[in-house]
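Let's take a friendly walk through this structure, one stop at a time. Have the viewer open and follow along.

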Amino acid sequence: MVLAVPGAPGDGARRLAEDLVSIARSEMPGLDAQIGFLDGDGQEYPQLEAVLTRAAQENPERLRQAAEAAKALADEAAEAIAAAEAAGEVVDEVPSVPTVPTDGPAAVVVPLLAGPDSAQLRRIRQAVMSSGSAAELTDVLGPHPLLAEALHVRLSEAGLARADRARLFTVATAADGIILATVGGEEAAQAGGITGMLLSARLAVPVMAAALDVDGAVLRVAEQLRSAGSARLALAPYLIGPEVSAELISAAAEEAGCAAAEALGDYPAVGKLVLAKYAAALGITLQQASPAMR
């Protein structure tokens, strides 16, 4: 698996990507996961294209090691069966031999994007093509109920929403209208509206999406919410984090005259969704233990 990280590379983006990879590995021990930066410098921050080129070069050796590991497991099972039969035991079930991949992509690329950003996705596709790796590119992480959960948690951490709307207490600073801030133009805002509806159902307040990279979009949405009766607005970044600068989020919140929650970041559900995209691309069922994958 290769996690494609957009935005300006830096220590924060790297730590975030490493944390998400760690979450994915906790769900699938042995996962071979690497990180590639769209704007990497080729040294401290590996470029996505270079990471994919190396993955393609290493794939034959990786398949050879997988075949050897599968053969060792099969031999071990055969020896155990032979020993049991020699001891007079009845072997009712023969252990299955692991399936060894002989083809498929050299890597599965998961974009670290909550929603569609055509400009970033175009660059990721170009990196895949230029690498010659024939890697498979998954969809972005959203929309998904887990992202609505993550947005809810980030809002509650900022004191902008109740942690659980079923609890019998109030939060004085809770917002009664949410601006869901996306990046990627109107397409991203429309796609974000789906997760926005899920978030609205959790909070029982109106949620409207606006693209940070469309001039005046956040302010227009803020005015719509206020004209509909919302008096205390909050901005919820529907972003993982590296896609845009924190200053852009702060400026958008200031323009709308409201407070902002943190980006989704390393919330555990994000790492689980990264793994889910990877697993779906390879037809892996996550409930079952899986061997190391590329």
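Our first stop is Ala134, which sits in the loop that links α3 (118-131) to β4. Keep in mind as you look that this is a predicted model. The phi of Ala134 is near 55°, a positive value in a residue other than glycine. Is Ala134 buried or exposed? Its relative accessible area is 63%, and since exposed means over 50%, Ala134 counts as exposed.

Another alanine gives us a second case. Ala204 belongs to the loop between α5 (185-203) and β6 (207-211). Its phi is near 60°, again a positive value in a residue that is not glycine. Ala204 has 58% relative accessibility, and therefore it is classed as exposed.

Now go back to β4 and follow the chain out of it. The loop between β4 (136-137) and α4 holds Pro143. What kind of peptide bond joins Gly142 and Pro143? The bond is cis, with omega at about 0°.

Next, turn to the second largest pocket, whose volume is about 420 Å³. Of the 20 residues in its lining, those closest to the centre are Gly241, Pro242, Val244, Ala246 and Ala263. Two elements, α1 and α7 (246-256), each give two or more residues to this lining. By class, the lining is made up of 12 nonpolar, six polar and two charged residues.

Our last stop is helix α8, which covers residues 268-282. With 15 residues, α8 reaches 22 Å from its first C-alpha to its last, close to the 21 Å expected at 1.5 Å a residue. Which residues of α8 are buried? They are Ala269, Val270, Gly271, Leu273, Val274, Leu275, Tyr278 and Ala279. As for their partners, the buried residues of α8 pack against β1 (2-5), α1 (11-27), β3 (108-111) and α4 (145-157). Just past the end of α8, Gly283 adopts a positive phi of about 70°.

Note on methods. Residues numbered from 1 in each chain as written. Predicted model: local features only at pLDDT ≥ 70, side-chain atom pairs only at ≥ 80, totals over all residues. Heavy atoms only, no water. Helix = DSSP H or I, 4+ residues; strand = E, 2+ residues; numbered from the N terminus. Expected span 1.5 Å × (residues − 1). Buried < 20%, exposed > 50% of the residue type's maximum accessible area, 1.4 Å probe, protein only. Contact = heavy atoms within 4.5 Å. 1 Å grid on protein atoms, 1.4 Å probe; cavity = no way out; pocket = protein on both sides within 12 Å on 5 of 7 lines; lining within 4 Å. Points joined across faces, edges and corners; volume = space filled by probe spheres on them. Nonpolar A, V, L, I, M, F, W, Y, C, P; charged D, E, K, R; others polar.
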